[in-house]
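Please open the structure in a viewer and keep the selection panel at hand.

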Amino acid sequence: MENDNFLRACWRKEAEYTPAWFMRQAGRYLESYRKVRTEHDILTICKTPELAAKVAVEAAEQLGVDAAILFADIMLPLEGMGVGFKIVEGVGPQIDNPIRSMEDVENIGQLDPRKHVPFVLDAIGLIKNQIGDRIPLIGFSGAPFTLASYIIEGGPSRDFIESKKMMYGQPAVWARLLTKLSEMVAEYLQAQIRAGVDAVQLFDSWSGCLSPSDYEEFVLPYSRTIFDKLEGKGVPRIHFGVGTAGILKMMRRAGGDVFGVDWRIPIDEAWALLGDVAIQGNLDPATLLGNPGLIESRAKEILVRIGGRPGHVFNLGHGVLPQTQPENLRNLVGFVHSSTTRKR
Ligand code: CP3
């Protein structure tokens, strides 16, 4: 690999400089993406490997980042399992028939990646062909809890009341649902690895809404089965969530080689809690809406707190906001690279 700095950082090896990529780096803030979006809706882009590859590769190239990420959505594998949904612009996923009972859960089928998500595997092949050996490609899946929250609530949620009601009031239904989802996610990520991704990220975006005890009892065992199945496959496993400062130690027990943290905790404190794993993230995406001086000072603070210790992947604490100026992200990548390049 020409630029393996991202993979080196994931394995906590010395890198030429601190690698950077951004969650949601292919999205509406980019002119080239908006152009594709005027002609196709988001799910059509996801289900057309040529389009998915185009937006993924263009984003990585325009930003000068050290990794590409598959263009897909966490909801995609659910459709083939019988959970229908739409993606509503500015809102997020909307489930046709929210899952609330054991009967609903029993009706969810098994994922056969080649049959249900061939477009994802084909997009991976195309992206790998197009980026060649220049940079690695990250595959991903939603985590069981985050997927369950969408399919139980029926859409995005602030309080996750229906999900918590199921955990506490129908624990057997919860256990069956999370078991099915974790089996699906493990199959899905293994299929992505066979198709050629160089790293995988588990997006447990909403697990930060849980108390440590609820995370431990209702989420940890399921996420752990996924990380266990992916161990020893030669690809780093990234474990990401938002608002997770209070559950980082438990997330660590669930597994992962790299941990994605948001901006509500100083990155060195998060790293101290996590121990000997790699760390990613931490810059508030809203920082990018500030002026160049502000952006550099917040980025520098992260680099100072890391202090050159191997095992740091520069990223935001959550996805790029649609209001972001692409120029600010490009300059940020340049700033991170130039201020961490090892002097020979
Ligand atoms: O990072 C990348 O460049 C890859 C692309 C990517 C998408 N979805 C494409 C997308 C990734 C990694 C995802 C994952 C995803 N999808 C997550 C986990 C990451 C996170 O943000 O926490 C979640 C929770 C979803 C569910 C989802 N899909 C939401 C909340 C939305 C936003 C709705 C909106 O209009 O703002 C989507 C739609 C979606 N998926 C977009 C993109 C680029 C929005 C742009 C569009 O409609 O074209």
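**First stop: helices α2 and α4**

Helix α2 passes helix α4 in a right-handed crossing; a crossing is right-handed if the near helix is turned clockwise from the far one by less than a right angle, and left-handed if anticlockwise. This is a predicted model, in which local features need pLDDT of at least 70 and side-chain atom pairs count only at pLDDT 80 or more, while totals for chains, interfaces and linings use all residues. Residues are numbered from 1 along each chain as its sequence is written, and side-chain values use heavy atoms, with hydrogens and water left out.

Select residues 31-39 for α2 and residues 49-63 for α4: their axes come within 9 Å and cross at roughly 165°. That makes α2 roughly antiparallel to α4. Angles under 35 degrees count as roughly parallel, over 145 as roughly antiparallel, 65 to 115 as roughly perpendicular and the rest as oblique. Axes are lines fitted to C-alpha atoms, for helices over the stretch in contact, and angles run from 0 to 180 degrees between N-to-C directions. Helices (H or I, at least four residues) and strands (E, at least two) are DSSP runs, numbered from the N terminus.

Next, display the side chains of S32, Y33 and V36 on α2 together with L51, K54, V55, E58 and Q62 on α4, which make the contact (heavy atoms within 4.5 Å). By class, this contact of α2 with α4 has four nonpolar, two polar and two charged residues.

**Second stop: helices α16 and α17**

Move to α16 (residues 292-306) and α17 (residues 326-340), whose axes come within 11 Å and cross at roughly 40°. That angle makes α16 oblique to α17. The crossing of α16 and α17 is also described as right-handed. On α16, select I295, E296, A299, K300 and L303; on α17, the contact is made by N328, L332, F335, V336, S339 and T340. Six nonpolar, three polar and two charged residues form the contact of α16 with α17.

**Third stop: the whole chain**

Zoom out to the protein chain, which has 17 helices and nine strands. Its radius of gyration is 19 Å, close to the 20 Å that the globule rule gives for 344 residues, so the chain is as compact as a globular protein of that length. Along the principal axes, the C-alpha atoms fill a box of roughly 60 × 45 × 40 Å. Of the 344 residues, 57% count as buried (under 20% relative accessible area, with a 1.4 Å probe and protein chains only).

Select residues 144-153. How many residues of helix α9 are buried? Ten of the ten are, so α9 is largely enclosed by the rest of the structure. Among them are F145, L147, Y150 and E153. Just after α9, G154 takes a positive phi of about 95°.

V105 lies in helix α6 (residues 102-106) and counts as buried at 0% relative accessibility. Leaving aside residues up to four places away in sequence, V105 touches I99, V173, R176, L177 and K180. V105 and L177 are 72 residues apart in sequence and 5.8 Å apart in space, C-alpha to C-alpha.

Finally, select T244 in the loop between β6 (237-240) and α14 (248-254). T244 is buried, with a relative accessible area of 1%. Not counting residues up to four places away in sequence, T244 touches S207, G208 and M251.

Notes
Nonpolar A, V, L, I, M, F, W, Y, C, P; charged D, E, K, R; others polar. Buried < 20%, exposed > 50% of the residue type's maximum accessible area, 1.4 Å probe, protein only. Rg over C-alpha atoms; globule rule 2.2 N^0.38 Å.
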